[in-house]
Structures are given as structure tokens and as C-alpha cells.
Amino acid sequence: MNERCCPCGVRLDRSSCVRPLKSPCLRMFMSIRTLKSLSNDQKVCNVWRHSYIKWKSENSEFSAVLDHCENDMVVINDDANSDSYEFMDVQVQTDDSSRLTSVENPTLITTTNHQVVKLQLNATSSSHTKCCVCRENLRDHAVKITSQDRVFIFFSRNIWMPEGARCCLGHLINNLLSKEAVDQIKPFSIRYQELSSLDIQLLSSKAQTLFENGKKRFSFDDPRDLNDDEYCLLTSLSRDNFNDFVQIVSSSTIRPSCNRSIRTAVGIYLCKLRLGISNRLLACMFQIADKRTVSRIINSARQAIVKSFVSDNLGFGHVTREDVIGRHTTTIARELMCGGDSTDTKSRNNEFQRKTFNLYKKRSLLKPMMIVTTTGYIVACIGPFMSDFNNNDVAMMKDILLRNTDHILSWLKEHRILVVDRGFRDSIGVMKALGLEAAMPSFLDGRRQFSAEEANESRCITKIRWVVEAANRRLKQF
């Protein structure tokens, strides 16, 4: 016998049209509309069920109360011999403006007969048309949320992200949700999620991994663990620049090991350069076994960086003269030194790491020779040189030019101008013998003051050279 819809009397021929009144809120809504007392075994058609959903979405002030009532109701099966329970089907909210009462702790609902548990969880939407982070309509570049992010959100925010949930591409950094996106995620509905024993075991294993990573004092493995300021403090690079740098280094022969990932190896190496702390302290900071392991990690990272990064960004081979003249020469240097025609490089030493004792500085250091353009672009770094009395600026310049270090003479064409300071005065003869010209501030030579022409020339040279000093400052503050 075909059943009929209790409000409108329409014959329910197909099973897909039949909706039992098991929900107390739905039954109360139908009773008020029909002015009849209805039982939970009576049926309604889809038209009336959709009218109830529409009314609920249009009256958002009642939505939270109705959802709370439906979530708390458990209907016991009439079969007395059965130990299973039948649960209310929680409707997913269709209106983002409706308020939602979140679940503070996942509640265990049923278990054991089929090795399956049901958890009442705060959940995001799993729509393929809307972003689960910002809830905007998805466009062409929609990305599926990874299992790593789903587990992280579940344990850190108590929000379940259904498999297949999608988000906008702009919320990702290196295929993982950014920290801002994680903070932006809000629960969209309260749903019952069935988890098998294998799912529980997998979640427990991942929870243990997250707990062990959380015990580390510093960790570069997850880009979200440290903010931008902390990355700058530890490595002198911003988080985005660090991610780009790791991606470049990963193209070399370096591989992750049981002691560290590639990100951790690069991070430890940059911390060593930036902070100058001992390997024992680095082992304590990054939970490494001992200082020898830290030494091996630093060596591996150094070799990978030299192979994949340094050769493409430092030395006379990584850039052409035309690029330096066209892209790394300031207009003021072009006008003051060359009459608007062309310009070239400049040499200057910079005190770097502690190595040998210097009588002038009263401390140990090594001296590289920096080849820098008038825009501050570092073309090459030659050396390092010892800082004893045999290796002053003049000796280093003569050694570089006479030995043609790094094929520098193929770069410095005849009549090109080298902007130097007064410390290179004794190497001017070598520069002129090679066909080069030098621009250097004048000397008083016993006079009380410079002539107007000499003073103006010295000011022009100083105005150009301050850019080089600024480049040296960057290295000193690294």
C-alpha cells in the first residue's frame, strides 16, 4: 500500500521521496503547520522537507537552538535485542550567517559491534564549489586539502576537515596551509564521523608525531611553527625567502636523514652564520644528539649551498658586464664619473669572521675583497685574505690584478674606472699600467685645505662610495 504525505496527502510512490518524521524539530514544524499531532513513523514528501530547511535558514535566530535539540536527541531502535543506536541526521547549514554551537570535545557516540566509532565533531564544509577556509566561491585554481593539514587542523583547532575539502590556492605556502589560513578556518556544521579502528590507529600515530615535534625548542620542519620575525632573528631571512632558499638548495645532492630534514639542515647552517654560537648550543636548540652530528649537518648544508646557490649568485661568471652596466649602475655614478656614458666596478675590503689577529682592529678576523657596483650589487667576493701587515688593501689589490684572479682582467676593459678609497693609493701605479683608471679622494700633501675642484671631486667620489659601505654593513650585520 502506498503511503501518503501527512501534511499534503500526496501519494509517496518512490522511496527517494519518503522522509520519516524522526527529527523532533521537523515533526514539531509539521505539527504546527497542519495543526495535527504527528507520530515519528509518519512520512513527508521532499517539498515539505525543503520548506522546513528554507524556514530554518531564513530564521537564523532559531537555528542554533534547533541544531542543539537535534544533536542531543538519540532515538533508540524498537528492536529490544539490538545493542545498536539510531542517530539523528544532522543537517549541514546552507547559510553561512547562521550561528553554530561548536563542540568543545569530540563525543563518543557508538562503538564496537562493527569496530567503528562515531564521533560528534565540529566540521568544515566539503563542497567542491566553496573554499573551506574563506567560504568564497572557488575559481579555476582550487586545491585539495592534504591529509597532513587535515590532521594538523584536527589536533590543533578541534575541527574536522572532510576528505575532499578544497580551498583557494592563495591560502597555501609550499603546498601547506599558511598560519593565517589556519587561524581563519571556522566550523561550518556539527556532524557525525565514523572512524574505523585503522583510522584511530593512524590518528594516534600522527598525534604522537605532532607531540614530539611540539617538544622541540625550534623547528624549521613546519613553516607555520615560526613567524616572520623569528625567521629573521634566527636566519636573517624572512619566512618566504627561507622557503625559496630551501627549494633551491633541495635541487642539489643533499637528502633528508634520520637526524634532520633538508629545512632543518639549512636552518642550522644559517643560524650558525647569523648567531655565531657553538655546535653544542645548536644541538641543544634543535634537539640533536651531539655536537659532532651538528658539525656533519653544517658540512652537508654548506656543500649543498655552494653547489646549488653560490655558483649562480656570486663570482664574475654568474653575470655579464653588460648586465652590470645596464642594470646595476646608478644614474648619478654614470653622470659624475663617466659623463653619462658607462661605469664599472669598485673594490673594497670588508672585515668578516675571526681568524687572525689584526693590529688595527685589535681582534682576529679575515679580509675578503668585495667587488661591488654603484647600486650595491655584489659581483664577486675574492679571498679571504689574512689580516696581518702583509695583506693590506694595496697588497690584496696588486695580488688580484697581477694574478688575474677569477679572470677579473677580462671584465675590466681598458680605461674603465675603479672607485677606491685612500688605502689603495700605492696600487694606483699597477692599475694605470694595466690601462685602468682610478677615482680616489685627494690628499692634502701638507696643504691646509683642498682647492674647490679637488673638494668637489672628493665629494663626488664619496657620494658614489657610500653605497659600497652600505653593502659592507649588510654583511657585518648578517
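Trainee: Over the ring of which residue does the charged end of R150 sit?

Mentor: A charge sits over a ring if NZ of Lys or CZ of Arg is within 6 Å of the ring centre and within 35 degrees of the ring normal. The charged end of R150 meets this rule at 5.7 Å from the ring centre. The ring in question belongs to W160.

Trainee: On what kind of model do such values rest, and from which number are residues counted?

Mentor: This is a predicted model, in which local features need pLDDT of at least 70 and side-chain atom pairs count only at pLDDT 80 or more, while totals for chains, interfaces and linings use all residues. Side-chain values use heavy atoms, with hydrogens and water left out, and residues are numbered along each chain, as its sequence is written, from 1.

Trainee: Over the ring of which residue does the charged end of R422 sit?

Mentor: The charged end of R422 is 5.7 Å from the centre of a ring. That ring is the one of F443.

Trainee: Why is strand β8 described as largely enclosed, and how many of its residues are buried?

Mentor: Strands (E, at least two residues) and helices (H or I, at least four) are DSSP runs, numbered from the N terminus. A residue is buried under 20% relative accessible area, exposed over 50% and partly exposed in between (1.4 Å probe, protein chains only). Strand β8 covers residues 116–123 and is largely enclosed by the rest of the structure because the buried residues number 7 of the 8.

Trainee: Is the aromatic pair of F220 and F286 stacked or edge-to-face?

Mentor: Rings of Phe, Tyr and Trp (its six-membered ring) pair if their centres lie within 6.5 Å; planes under 30 degrees apart count as stacked, over 60 as edge-to-face and the rest as tilted. The structure holds 10 aromatic pairs. F220 and F286 are one of them, with 5.6 Å from centre to centre and 20 degrees between the planes. The pair is therefore, by the cut-offs, stacked.

Trainee: How many residues apart in sequence are the parts that this pair ties together?

Mentor: F220 lies in the loop between α6 (197–214) and α7 (228–235), whereas F286 lies in the loop between α10 (279–285) and α11 (291–313). Both F220 and F286 are buried. The parts tied together are apart in sequence by 66 residues.

Trainee: What is the angle between the planes of Y231 and F242?

Mentor: The ring centres of Y231 and F242 are 5.3 Å apart. Y231 is in helix α7 and F242 in helix α8 (residues 239–249), and both residues are buried. The pair is tilted because its planes lie at 50 degrees.

Trainee: Which residues form one aromatic cluster?

Mentor: The residues of the two pairs discussed above come together here. The cluster consists of F220, Y231, F242 and F286.

Trainee: How many residues apart in sequence are the parts tied together by E180 and R239?

Mentor: A salt bridge is a side-chain nitrogen of Lys or Arg within 4 Å of a carboxyl oxygen of Asp or Glu, and by this rule the count comes to 5. The side chains of E180 and R239 meet in one at 3.8 Å, N to O. R239 is buried, with a relative accessible area of 9%. E180 lies in helix α5 (residues 179–184) and R239 in helix α8, so the parts that they tie together are apart in sequence by 59 residues.

Trainee: Is R403 buried or exposed?

Mentor: R403 forms a salt bridge with D399, the closest N and O atoms being 2.6 Å apart. D399 counts as partly exposed at 27% relative accessibility. R403, at 64% relative accessibility, counts as exposed.

Trainee: How far apart are the closest N and O atoms of E454 and R447?

Mentor: E454 is partly exposed, with a relative accessible area of 22%, and R447 is partly exposed as well, at 36%. In their salt bridge, the closest N and O atoms are apart by 2.9 Å.
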